[in-house]
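User: I would like to go through this model with you. Could we begin with its pockets?

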Amino acid sequence: MPAETRSRRSDAQRNRELLVATAAELFAERGLEVPFDEIARSAGVSIGTLYNHFPTRDALYNAIIPARLGALDRIVASALEAEDPWDGFVAYLEGSLALQAEDRSLNDAIAQRLPVSEEIVEACRRNLGGIEELIARAKAGGVLRADFEPQDLVMLASAVSQVIEDSGDWRRFLSFYINGLRTNPTGRRS
């Protein structure tokens with residue numbers, strides 16, 4: 001292969017990596033609606049270069065969001081290791097919602113604020129079994145309301161997403177929510 005062809009390919013790879021890194025940073029700061037031309041400008045490439053690598057928003061989102069949602073894997077795994085079922089459940093809630101607050105792109109994706117690809121939806125659902133186990137353990141331990149269901153987490157993620165957008169004081173909101181879920185809010189075991 002001629003050196004010029006290798007150089008063009010390495011330039012293309014470097015541009016792609018630069019676009020992914022730049023978009024990830026801008027999305028984390030401002031959410032998934034950052035304009036493509038701003039991403040290209042911030043990366044120091046033309047809009048044509050961006051569209052050459054990512055012809056649609058979904059293509060760019062798919063290059064960034066599923067990997068970033070990998071942090072949820074670690075949060076769920078850590079929560080499942082907690083000896084106390086309530087502590088594990090709360091650790092999952094706090095960890096996953098902190099992730100939303102720290103990264104506006106994940107806030108948008110998790111809350112499904114914008115239409116996202118099936119790949120991103122699948123990445124969000126990847127830990128459903130672990131989350132269901134956390135809920136089942138907390139219910140079996142008698143510390144979580146019996147009527148709480150996994151789909152209630154979708155409503156919580158959406159509500160916290162809006163709190164993050166409006167005020168950012170999501171931890172205060174979550175503390176009210178958590179107190180309403182615990183079967184014995186004082187923390188004393190019966």
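Analyst: The largest pocket holds about 470 Å³ of space. A pocket, on a 1 Å grid over the protein atoms alone, is an open set of points where a 1.4 Å probe fits, with protein on both sides within 12 Å along at least five of seven lines. The volume is the space filled by probe spheres set on the points, which are joined across faces, edges and corners. This is a predicted model: local features need pLDDT of at least 70, side-chain atom pairs count only at pLDDT 80 or more, and totals for chains, interfaces and linings use all residues. Residues are numbered from 1 along each chain as its sequence is written, and side-chain values use heavy atoms, with hydrogens and water left out.

User: Which residues lie nearest the centre of the largest pocket?

Analyst: Y92, I110, C124, L153 and V154 do, out of 19 lining residues; a lining residue has an atom within 4 Å of a point.

User: Which helix gives the most to that lining?

Analyst: Helix α10 does, with 6 residues. At least two lining residues come from each of α6, α8 (118–125), α9 (128–140) and α10 (150–166). Helices here are DSSP runs of H or I with at least four residues, strands are runs of E with at least two, and both are numbered from the N terminus.

User: And what is the lining like by class?

Analyst: It divides into 13 nonpolar, 5 polar and 1 charged. Ala, Val, Leu, Ile, Met, Phe, Trp, Tyr, Cys and Pro count as nonpolar, Asp, Glu, Lys and Arg as charged, and the others, Gly among them, as polar.

User: How do α6 and α10 cross?

Analyst: Their axes come within 10 Å and cross at roughly 40 degrees. Axes are lines fitted to C-alpha atoms, for helices over the stretch in contact, with angles from 0 to 180 degrees between N-to-C directions. The two helices are therefore oblique to each other, a class for angles that are not under 35 degrees (roughly parallel), over 145 (roughly antiparallel) or 65 to 115 (roughly perpendicular).

User: Which residues meet there?

Analyst: Y92, L93, L97, Q100 and A101 in α6 meet L153, L156, A157, V160, S161 and I164 in α10, where contact means heavy atoms within 4.5 Å. By class, that contact has 9 nonpolar, 2 polar and no charged residues.

User: What about α6 and α11?

Analyst: The axes of α6 (residues 85–102) and α11 (residues 170–181) come within 11 Å, crossing at roughly 155 degrees. These helices are therefore roughly antiparallel.

User: Finally, how many helices and strands has the chain?

Analyst: The chain has 11 helices and 0 strands.
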